[in-house]
Amino acid sequence: MGDDVMVNPSRRSVLAGGTAAAAGAALVGPGITSPPARAAEPVTDGGAPGAAAAGPREDIWRTVLDDADLVWQRMPTTWYEGPYLGNGLLGSGIYAEPGATAKAVRFNVQHSEVQDQRPEFGSLFGLARLPIGHFTLEPVGAITGIDWRLGLRDAELTGTLTTTAGTLRLRAFVHTTATVLAVEIEPSSGERDFRWVFHPAEAISPRAAFHPRPDGYQANPPAVIERHGELTAAVQPLLAGGQHVTAWGETIRGRRRTLCVSVAHSFPGTTARERALKSVRSASAVPYDVLALPHRGWWQRYYRRSFLSLPDARLQRFYWIQLYKTASAARRDAPVMATCGPWLEPTPWPAAWWNLNVQLEYWLIHGSNHLELDAVTRALGEYRDQLTAEVAPAYRGDSAGVPRTTDIRLRNGPNTPTSNGYGVGIPGRNPPTPEVGNLVWALHNVWLSYRHTMDRAVLRDTLFPLLRKAVNYYLHFLTPGADGRLHLPATFSPEYGVDAPDCNYDLMLLRWGCRTLLDSARELGVEDPLSGRWEEVLAKLVPYPVDANGYMIGAGVPFAKSHRHYSHLLAVYPLYEITGRTAEERALIETSLNHWVSFEGALQGYTFTGATSMSALLGKGEDALRYLGELMRRFIRPNTMYKESGPVIETPLSAAQSVHDMVCQSWGDVIRVFPAVPDAWRDLTVHDFRTQGAFLLSAVRQDGVTRWVRLVSEAGAPCVVRHGIEGPVDVRDGRGRPVPYEDAGEGTVRIALRRGDSALITARGDRPDPVVRPVTPNAPAAPWGLPA
């Protein structure tokens, strides 16, 4: 038997080439790029090395994706219930028009680049994302029923709207490589006169509905509706200059009517009108199915970069929906996700939030092998000068930081109400709030992108120079104490509400930052003059403040109230600086975790994703599953969205990462396979999971036993894997030949793999069939959405 993993794609996409797909792509024009075409193809199956696959196989991605489709047989009435479509820029959330449930359906139209440009009013008003508007689909008759399906595989909404006058058959998608929403309606005879109506939104910060406006702040002028032949444009001027424009037109082909909508933003110029109109003309020139060809092809290639199947049917569906949601909300060249993603709704948080939200939003891209969505690395590199401008002038020569909130160019604007012209506070002073660790935490995401790809350009060009400046900011304020230790003045642990000296949030990030700078300098061959200072910090930094209840907020400030944020526990997760290496350290983690979640009141969804991942670190699969279950039961909405005073999306996305942490971890230069699996998950399949060291991991667990583990090296990095297979093992290459390895104890092997090499690990003498298949669910479960 050959030893390479077999996946089962019997269904070849017709979208890989062909004149129709090419024509559709040409008509919609260039846009956000597709992920690299690295499909997981069958390699061997029985017989001699390199033998062809024996007969047709199940298309595993089609199986799990079609099973995960969201279903609506009841009318959604809110953002938290309805379908959503997007491409990282243009987004549409769909639900009943408020106050007109039986009369109209709302298709929101929002765009992640559309924002105000008045920095004098700060990031949450003057630089806030701006609402655009919505269309209403208004049938002739009253709505009596719906039957909709959001198909993940094609990222397309399909179904029927039934009214007292007939039916409306619907198909809709937001094109993945063009800023176009396309909605095709095929009405019955009684519904031929249905109509679309556009409702421009007031161009004002959504925060104005929740908080008082700054003095002098006013809404932008109303939109102006213009006719351009067969097309219409709503032109929204901005007081600061520039505009955003929504253009649309409807095309009739037989009984089918297709609405095409596009949005463009320009500042300070006024080019948005022409770009939006051009996009609609291009999209309207081809039939719906031709327009959809490159869109569907992109999505089908996207999913095939990795695979996960677990026996909890509802959780497996949830996981694949998060992959859909992420690629609907994020692309490398799109703005870093704001709290709502591209689906802006009334919210007190119309910006990007850097003290937790951004970090959690992007964690799942690493293990799921979707680095093409990494906007964080791109944005921090592109706007690095702004990161310098956000610290006080006295520190701009060598320091940088990111404020709590920014616009898409990482601007905060004057830090109202003090209007001091910078967004990052100064340790030991308040106001402004001295929340200073956010850039270091954001750069941990960049470090994860580097470690999962081993791309030296990321390390050299973005991570090292920016982390050096972020750590430098701390170095200005470290002072020696009478104990001979280095101490920080009072800083702010996100959301706890009290400044504290030797704040754990900052000590933990500073220690990780210095260690990472030293490792990076060695990797890059850099003799940095600050290396001695970083070593001194690691040697002399004050220990993390701890009391009988575990990690404190800071010196003299115990953790003593309900607090949703795990800012005081970052060294445990996600930094993995404290991992339970000794019995005492493990007990400290357990005490801290239990104390943190013991306070009800302020706990929110991401409290439970953090608790899940910390439990997974400790190998406590049952605890991890229990916390994940609490999240699902208490916080996740019917369409897998999430609410905290307003729409936010980071928690469900971080829950997908928590699932990753249960099935695969790769911190500390060791890849851990199935490290925190609950008893109920007796069968598991992962394929092409990306790990630190740039390995692609595939593994199968059957009836509670890990049968095989396969690793492919993309960078030739050292390979140490804790495989979880009982007893002695065999390690073989892709042609079935033995591969030398070192037994490192505790079910761990060290294998020398060059770039492009692979290794298959099995129990000694065992020859399992290395085929990747979906696992059988333990029990049936209702689909997500609003089924009958």
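**View A. Aspartate 502, at 6% relative accessibility, counts as buried.** Here a residue is called buried under 20% relative accessible area, exposed over 50% and partly exposed in between, with a 1.4 Å probe and protein chains only. The model is a predicted one, in which local features need pLDDT of at least 70 and side-chain atom pairs count only at pLDDT 80 or more, while totals for chains, interfaces and linings use all residues. Residues are numbered from 1 along each chain as its sequence is written, and side-chain values use heavy atoms, with hydrogens and water left out. Aspartate 502 is placed in the loop between strand E21 (499-500) and H13, where helices (H or I, at least four residues) and strands (E, at least two) are DSSP runs numbered from the N terminus. Although aspartate 502 is not a glycine, its phi is positive, at about 50 degrees.

**View B. The largest pocket holds about 770 Å³ of space.** Of the 34 residues in the lining of this pocket, Trp447, Arg451, Asp519, Gly668 and Asp669 are the closest to its centre. Two or more lining residues come from each of H11, helix H12 (456-475), helix H13 (504-524), E27 and E31, and the largest share, six residues, is that of H13. Such spaces are found on a 1 Å grid over the protein atoms alone: a pocket is an open set of points with protein on both sides within 12 Å along at least five of seven lines, a cavity is a set of points where a 1.4 Å probe fits but cannot get out, and lining residues have an atom within 4 Å of a point. Grid points are joined across faces, edges and corners, and a volume is the space filled by probe spheres set on the points. Aspartate 669 belongs to the loop between E26 and E27; with a relative accessible area of 52%, this residue is exposed, and its phi, near 65 degrees, is a positive value in a residue other than glycine.

**View C. The largest cavity has a volume of about 260 Å³.** Its lining is made up of 20 residues, with Leu448, His452, Gln657, Asp661 and Gln692 nearest its centre. The elements that contribute two or more residues to this lining are helix H8 (364-367), helix H11 (438-453), helix H18 (650-663), strand E26 (664-665) and E28. The count of cavities of 30 Å³ or more comes to seven.

**View D. Helix H2 (residues 60-68) has Ile60, Trp61, Val64, Leu65 and Ala68 as its buried residues.** Viewed down the axis of H2, these residues fall within an arc of 115 degrees and so line one face of the helix; the arc is that of the directions from the helix axis to the C-beta atoms. They pack against strand E1 (70-72), helix H5 (288-303), strand E15 (307-309), helix H6 (313-329) and strand E28 (684-691), where contact means heavy atoms within 4.5 Å. The N-terminal end of H2 is capped by aspartate 59, which has a side-chain oxygen 3.2 Å from the backbone nitrogen of tryptophan 61.

**View E. Strand E31 (residues 719-722) pairs in the parallel sense with strand E27 (residues 671-673) over two bridges.** Two strands are taken to pair if DSSP finds at least two bridges between them. E33 and E34 form a hairpin with two residues between them, and glutamate 746 in the turn has a positive phi of about 55 degrees.

**View F. Proline 427 lies in the loop between strand E17 (405-406) and H11.** This proline is buried, with a relative accessible area of 6%. Leaving aside neighbours within four places in sequence, proline 427 is in contact with Pro434, Val436, Tyr473, Phe477, Pro489, Ala490 and Thr491. The C-alpha atoms of proline 427 and phenylalanine 477 are separated by 6.9 Å, although the two residues are 50 residues apart along the chain. Proline 431 also has its place in the loop between E17 and H11, and a cis peptide bond, with omega about 10 degrees, joins asparagine 430 to proline 431.

Terms used
A polar contact is a pair of N or O atoms within 3.5 Å; within protein, one must be able to donate a hydrogen and the other to accept it, and residues adjacent in sequence count only if both atoms are side-chain atoms.
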